[in-house]
Amino acid sequence: MEAFIHGLPKAELHLHIEGTLEPELMFDLAKRNGIKLAYPSVEAVRQAYQFSNLQDFLDIYYAGAAVLQTEQDFYDLTWAYLQKAHSQTVRHTEIFFDPQTHTARGIPFSTVINGIHRALQDAHQQMGITSQLILCFLRHLSAEEAMRTLEEALPYNAWIAGVGLDSSEKGHPPSKFVDVFQRARQEGWRIVAHAGEEGPAQYVWEALDLLGVQRIDHGVRSTDDPRLIDRLVREGVALTVCPLSNIKLRVFDRMEHHNLKTMLEQGVRVTINSDDPAYFGGYMDENFTAAQQALGLNKDQLGQISRNAFEASFVSEARRKELMFELERYLAKNAD
Ligand code: HPA
Ligand SMILES: [Zn+2]
């Protein structure tokens with residue numbers, strides 16, 4: 001089954017580029033930029049990755065991002081992720097970035113996006129992997145700050161497929177950002193939002209009704225509300241589920257209790273993604289494998305998860321056709 005998962009053509013739809021910062025690269029960049037880290041070694045950094053909730057993780061994640069200073073740093077970070085994704089048969093990836101994490105430290109928006117964009121272009125040319133960029137607003141900051149970030153992003157419209165919402169969920173409902181997302185829709189951007197990770201099913205309703213999202217990031221708390229599940233199924237709303245993240249941040253106490261398979265069987269368009277792979281113990285293959293082993297997913301279900309991701313992605317129709325063709329051929333060839 002691991003070989004099947006490895007070779008399965010995949011799309012990743014929930015990946016924070018800052019969350020791909022491996023401790024080794026963190027040390028390299030700290031050295032390059034003359035920054036002193038709070039940890040003596042790579043092992044000590046890994047040791048510190050024990051979280052009891054989302055906020056625990058976010059505190060360490062924002063601190064780690066401080067080593068990212070130059071355009072080349074953002075390039076190297078993005079390039080390392082794309083190589084890893086390519087090595088796991090990820091054919092298409094939609095990458096979140098958090099500009100406010102960097103602009104708040106005095107790093108220009110242009111430095112961040114130029115580095116990321118150049119790596120995406122090089123990876124397309126050299127490895128054939130396609131990608132989109134999604135700008136995320138930090139929901140623990142104000143709606144006014146989000147609006148200012150949106151305006152800073154306007155000159156880069158052509159490089160940005162959509163906008164999303166991340167960071168501390170509880171106490172920061174989607175309703176706080178109605179105006180920002182309305183503006184983003186007017187600008188022609190696609191809309192996604194983290195909702196129902198730690199926050200209640202109510203935040204998923206708000207993301208759908210008030211922000212107009214096309215996908216929900218996480219959304220696992222949706223099963224608390226059967227009417228919400230009915231709606232997700234009826235409207236074909238995809239959930240970008242991140243199994244290892246949910247265990248690391250204790251959204252579920254163990255993988256055997258994850259609701260991914262239940263939702264899949266209810267007809268929800270579930271996908272599997274890695275979220276912050278450097279912090280949560282694995283990339284796409286590791287997430288698929290952990291969920292498969294704990295929940296007993298069969299090849300049909302794994303194939304359906306990949307199909308869901310290709311269908312829910314923001315690729316061109318021509319590229320989607322290509323991806324679907326490769327996937328269906330793989331599934332036909334590798335059936336039992
Ligand atoms: O899983 C997440 N949830 C909220 N914010 C985030 N920022 C990075 N990862 C996450
Ligand atoms: Zn996330």
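I count two residues as in contact if their C-beta atoms, placed from the backbone, lie within 7 Å. I apply that to a predicted model.

**Entry 1. Overall form**

I began with the whole chain. The protein chain holds 17 helices and eight strands. I looked up its extent along the principal axes: the C-alpha atoms fill a box of roughly 55 × 40 × 40 Å.

How much of the chain is buried? Buried residues account for 49% of the 336. I then took the contacts between residues at least 6 apart in sequence. Of these, 77% join residues at least 24 apart.

**Entry 2. The sheet**

In what order do the strands lie? I read E1-E2-E3-E4-E5-E6-E7-E8, an open sheet of eight strands with parallel pairing. At the edges I find strand E1 (10-16) and strand E8 (269-272), each pairing on one side only. From one strand to the next, the twist averages 25°.

Helix H10 (residues 201-211) packs on it and touches strand E5 (190-195) and strand E6 (215-218). The direction of H10 makes about 165° with that of E5.

**Entry 3. Strand E3 and its partners**

I followed E3 (residues 130-138) on both sides. Strand E2 (residues 90-97) runs parallel to E3, and six bridges join the two. Two facing pairs went into my notes. Glutamate 94 stands opposite glutamine 132 in E3. Isoleucine 95 stands opposite leucine 133 in E3.

Strand E4 (residues 162-166) also pairs with E3 in the parallel sense, over five bridges. Here I recorded cysteine 136 with its bridge partner glycine 164 in E4. Phenylalanine 137 has leucine 165 of E4 as its bridge partner.

How many residues of E3 are buried? I get seven of the nine, so E3 is largely enclosed by the rest of the structure. For E4 I get five of the five, so E4 too is largely enclosed by the rest of the structure. I checked which way the E4 residues point. Gly162, Gly164 and Asp166 point one way, while Val163 and Leu165 point the other way. All of them are buried.

**Entry 4. Leucine 133**

I stayed in strand E3 for leucine 133. Is leucine 133 buried or exposed? I find 21 C-beta neighbours inside 10 Å, and the cut-off for buried is 20 or more, so leucine 133 counts as buried.

I listed what leucine 133 touches, leaving out residues up to four places away in sequence. The list is Ile95, Phe97, Ile116, Trp159, Ile160 and Ala161. Ile95 is also the residue that stands opposite leucine 133. Phenylalanine 314 is 181 residues from leucine 133 along the chain, and their C-alpha atoms are separated by 10.0 Å.

**Entry 5. Helices H8 and H9**

I turned to a helix pair. Two packed helices are described by the angle between their axes and the distance between the axes. I looked up both values for helix H8 (residues 143-153) and helix H9 (residues 178-186). Their axes come within 9 Å and cross at roughly 20°. Angles under 35 degrees count as roughly parallel, so H8 is roughly parallel to H9. The crossing is right-handed.

Which residues make the contact? From H8 I noted Ala143, Ala146, Met147 and Leu150. From H9 I noted Asp179, Val180, Arg183 and Ala184.

**Entry 6. Helix H10 and its cover**

Back to H10. Its buried residues are Ala201, Tyr203, Val204, Glu206, Ala207, Leu208 and Leu211. What covers the buried residues of H10? I find H9, E5, E6 and helix H11 (226-235) among the covering elements. Glycine 212 follows H10, with a positive phi near 75°.

I then looked at the H11 side, through leucine 228, which lies in that helix. Leucine 228 has 22 C-beta neighbours inside 10 Å and therefore counts as buried. Not counting residues up to four places away in sequence, leucine 228 touches Ala201, Val204, Trp205 and Ser222. Ala201 and Val204 are among the buried residues of H10. Last, I took a distance: leucine 228 and alanine 201 are 7.6 Å apart, C-alpha to C-alpha, and 27 residues apart in sequence.

Notes: Residues numbered from 1 in each chain as written. Chains lettered and ligands numbered in written order. Predicted model: local features only at pLDDT ≥ 70, side-chain atom pairs only at ≥ 80, totals over all residues. Helix = DSSP H or I, 4+ residues; strand = E, 2+ residues; numbered from the N terminus. Buried ≥ 20, exposed ≤ 12 C-beta atoms within 10 Å, placed from the backbone. Pairing = 2+ DSSP bridges. Axes fitted to C-alpha atoms, helices over the stretch in contact; angles between N-to-C directions. Parallel < 35°, antiparallel > 145°, perpendicular 65-115°, else oblique. Left-handed = near helix turned anticlockwise from the far one by under 90°.
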